[in-house]
Amino acid sequence: MKAVDLTYTVEEGMPVYPGTEPPVIVEATTVAVEGFAEKLLTLFSHTGTHMDAPAHMLKDGSCLDEMDVNTFMGKAVVADVKDSVVDVEDLIPFRSDLDEGDYLILRTGWSRFWGTDDYFGPFPVLSEEAAKWISERNLKGIGVDAISVDPVESTTLPNHLILLGSGMVIVENLTNLEKLPQSFTFLCLPLKIGHADGAPIRAVGLL
C-alpha cells in the first residue's frame, strides 16, 4: 500500500482565506535552553488543508467532534474538472462510482497556483445545481484543490450551504491530486477540537 500526502504544511506566511489572519508559530521552548522543544500555535480553525463542519455555516449544524470517526475516511472518486463552472453534466459520468463511494474529489489543477495571488481565483466552482446534485448522492463529503467551494468574492456562499446542509463535510486546500488515480481510499482526520466548526486535517490518499 502506498500513501500520498494531500496536505499543505502549516507555516507562517502560508496562504489563508482573504480576511483571515495567517498562523503564528512561536518557538516557546528549545532543547538547548529548557531541555525540550515545544511550539505555541495560534491559527484559525480553517487554516491550510482543513475540513468544514455543518456547524461552520448552520446554527444547529453538527460539529466535527460530534461526528463518527468513520465519517473522515472512505472510498473517494476523483473528477477532473477544468471549466470555470462545474455543472451537473460534468459529473454525470461519475454517477455510478459516486453511488458506491463516500467522497467526491474535484481535481481542478488549481493547487499549481499555491503561494501566488492567482490561487484566490477565479478557480473552478460548482454551479448551485451541481452542488444540489452532489448533496443527493448520500456522500460523506467533498474535497477540492482550491481555497473554497464558492468563489472568494461570494457573500452568500450557496454551495457551502447546500453541501453542509445535507450533512456533508467539505475539505478545502488539497494538494498533490495529480498523483491519484480516479478511485482511492481517502483519509482526512481533523483535529478533535471541542465544538469544532472546522479543523486542520492530515489528508492522505491510500493507493
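Hi everyone. The largest cavity here has a volume of about 60 Å³. Before I go on, please keep in mind that we are looking at a predicted model.

So, staying with cavities for a moment: how many of 30 Å³ or more are there? The count comes to one. Ten names to find on your screens, if you'd like to follow along: the lining is made by Leu106, Thr108, Phe123, Pro124, Val125, Leu126, Val144, Ala146, Ser148 and Val149. By class, eight of those lining residues are nonpolar and two are polar, with no charged residue in the set.

The largest pocket holds about 250 Å³ of space. Which residues come closest to its centre? They are Tyr17, His46, His50, His56 and Glu172, out of 19 residues that line this pocket. The classes here read as ten polar, seven nonpolar and two charged residues in the lining.

Last stop, the surface. Val10, Leu41 and Leu43 together make a nonpolar patch of about 230 Å². Let me pick out one of the three, leucine 43. Where does leucine 43 sit? You'll find leucine 43 in the loop that runs between strand E3, residues 38-42, and strand E4, residues 50-52. Why does leucine 43 count as partly exposed? Because its relative accessibility is 34%, and partly exposed covers the range between the 20% limit for buried and the 50% limit for exposed.

Terms used. Residues numbered from 1 in each chain as written. Predicted model: local features only at pLDDT ≥ 70, side-chain atom pairs only at ≥ 80, totals over all residues. Heavy atoms only, no water. 1 Å grid on protein atoms, 1.4 Å probe; cavity = no way out; pocket = protein on both sides within 12 Å on 5 of 7 lines; lining within 4 Å. Points joined across faces, edges and corners; volume = space filled by probe spheres on them. Nonpolar A, V, L, I, M, F, W, Y, C, P; charged D, E, K, R; others polar. Patch = residues over 30% accessible without salt bridge, like charges linked within 9 Å, V, L, I, M, F, W, Y side chains within 5 Å. Areas by Shrake-Rupley, 256 points an atom, 1.4 Å probe, with all protein chains shown as cover. Salt bridge = Lys/Arg side-chain N within 4 Å of Asp/Glu carboxyl O. Helix = DSSP H or I, 4+ residues; strand = E, 2+ residues; numbered from the N terminus. Buried < 20%, exposed > 50% of the residue type's maximum accessible area, 1.4 Å probe, protein only.
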